[in-house]
Structure formats: C-alpha cells, structure tokens
Amino acid sequence: RLARMIADMLFLAKADHGLIIPYSELVNLFDEATALCEFYEAVATEKLVTFSVEGSVSIKGDKLMLQRALGNLLANAIRHSHTHSCIKIDIKMENTQAVIVIANSGDAISPEQLPRVFDRFYRADSSRQRNDEGAGLGLAITQSIIKAHGGCITAYCENGATRFTIN
C-alpha cells in the first residue's frame with residue numbers, strides 16, 4: 001500500500017510540473033467504459049450495483065491514462081453507491097467536445113465539500129471514509145490526467161446523486 005501511495009505521489013508531482021505528456025492514439029470511450037465495467041463487475045455484483053453505458057465517442061488521448069482516470073471514478077462510484085442502484089455512464093459530443101458523465105446514487109457529498117474532492121488526501125466526510133480504502137489520491141490523479149489531456153472535471157451532487165463530468 002505504501003509503494004502504491006509513493007507511486008501515486010510521484011505521478012502527481014510529475015503532473016504538477018507538466019511532465020506528464022499523454023501518448024496520443026484514437027480511443028473509443030464506449031469500448032473503454034464497457035471494458036472497465038466488465039473489470040469491476042465482480043465488485044459491483046457483490047454490492048448489487050449495475051452499470052449502464054450509453055453513447056460512443058472516439059478521442060485522441062493516452063488510452064492507459066484514460067483507463068486509470070475512468071477506473072478511479074468507477075471504483076469511487078461503486079464504493080459510494082447504494083445497494084441495488086445503477087451507475088450510469090453517458091458519453092456524448094457537445095459542441096465538438098467529448099463529454100463523459102458518471103453518475104451514481106448513494107452517499108452524498110455536501111456542497112461545501114465538493115470543491116475539495118480533487119484535493120490530495122481529502123476525504124469528504126466520515127461516512128465516506130473507510131480504513132481499508134486508498135489514500136485519498138484517486139480523484140487528484142484523475143484530475144491530473146484529465147488536465148494533461150486538455151480537459152476539465154467537475155463534481156456535482158444533488159438529490160442523492162453524485163455526478164462527475166469530464167469535458
């Protein structure tokens with residue numbers, strides 16, 4: 001666990017200094033989202049959570065980095081989803097820009113904490129913390145990957161649903 005945390009911190013340090021240069025290849029976001037859902041299926045099934053993936057857009061980017069970013073978001077969505085809920089992944093084009101929305105119903109993040117969810121080591125509240133989980137670096141890494149690709153990520157929570165939007 002310590003080795004993973006050190007590797008994550010090194011990744012973030014490189015990102016802070018603009019040293020992360022994504023490899024550029026054509027990436028089909030539907031295929032990647034579907035593959036990640038299959039990867040996380042056993043964990044999701046254990047919690048009685050399902051996935052829904054809609055839309056398809058291909059972009060130029062670093063496939064492995066994008067898999068890591070989307071994987072971090074899906075792992076968080078599973079962790080914080082209510083039992084018997086569905087994690088929805090919507091992929092679309094808006095004004096020549098790819099947009100990915102990952103939404104789940106479950107543990108809410110209060111409005112005053114939303115701006116900090118991408119901070120390193122930040123945990124929104126005690127109900128969202130678990131001793132056996134990561135170090136609080138996943139969303140910071142996800143944000144760094146999205147920024148390295150020239151995009152941005154935002155979090156929004158309302159009526160028991162949390163949405164992360166990448167554009």
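Just after helix α5 (residues 138-148), Gly150 takes a positive phi of about 80°, where helices (H or I, at least four residues) and strands (E, at least two) are DSSP runs numbered from the N terminus. This is a predicted model, in which local features need pLDDT of at least 70 and side-chain atom pairs count only at pLDDT 80 or more, while totals for chains, interfaces and linings use all residues. Residues are numbered from 1 along each chain as its sequence is written, and side-chain values use heavy atoms, with hydrogens and water left out. Within α5 the buried residues are Leu139, Ala140, Ile141, Thr142, Ser144, Ile145 and Ile146, buried being under 20% relative accessible area, exposed over 50%, and partly exposed in between, with a 1.4 Å probe and protein chains only.

The sheet can be followed strand by strand. Five strands form an open sheet with mixed pairing, in the order β2-β4-β5-β7-β6, and two strands are taken to pair if DSSP finds at least two bridges between them. Because β2 (50-54) and β6 (153-158) stand at the edges with a single partner strand each, one side of each is left without a neighbour in the sheet. On average, and with direction ignored, neighbouring strands of this sheet are turned by 15° against each other; axes here are lines fitted to C-alpha atoms, for helices over the stretch in contact, and angles run from 0 to 180 degrees between N-to-C directions.

Strands of a sheet pair through backbone hydrogen bonds, either parallel or antiparallel. Strand β2 pairs with β4 (residues 86-94) in the parallel sense over five bridges; in this pairing Thr50 has Cys86 of β4 as its bridge partner, and Val53 stands opposite Ile89 in β4. Strands β4 and β5, by contrast, run antiparallel and are joined by seven bridges, with Val99 in β5 as the bridge partner of Lys92. The hairpin of β4 and β5 has two residues between the strands, and in this hairpin Asn95 takes a positive phi near 50°.

The helices α2 and α4 come next. The axes of α2 (residues 29-39) and α4 come within 10 Å and cross at roughly 50°. The two helices are therefore oblique to each other, given that angles under 35 degrees count as roughly parallel, over 145 as roughly antiparallel, 65 to 115 as roughly perpendicular and the rest as oblique. Glu32, Leu36 and Cys37 of α2 make the contact with Lys63, Gln67, Leu70, Gly71 and Leu74 of α4, contact meaning heavy atoms within 4.5 Å.

Another residue of helix α2 is Phe30, which at 29% relative accessibility counts as partly exposed. Leaving aside its neighbours within four places in sequence, Phe30 is in contact with Val53, Gly55, Ser56, Val57 and Ile91. The C-alpha atoms of Phe30 and Ser58, which lie 28 residues apart along the chain, are separated by 8.0 Å.

The cysteines remain to be described. A disulfide is a pair of cysteine sulfur atoms within 2.5 Å, and by this rule the count comes to zero disulfides. Cys37 is in no disulfide, and the nearest cysteine sulfur, that of Cys86, is 9.0 Å away. Cys37 counts as buried at 8% relative accessibility, and Cys157 is buried with a relative accessible area of 15%.
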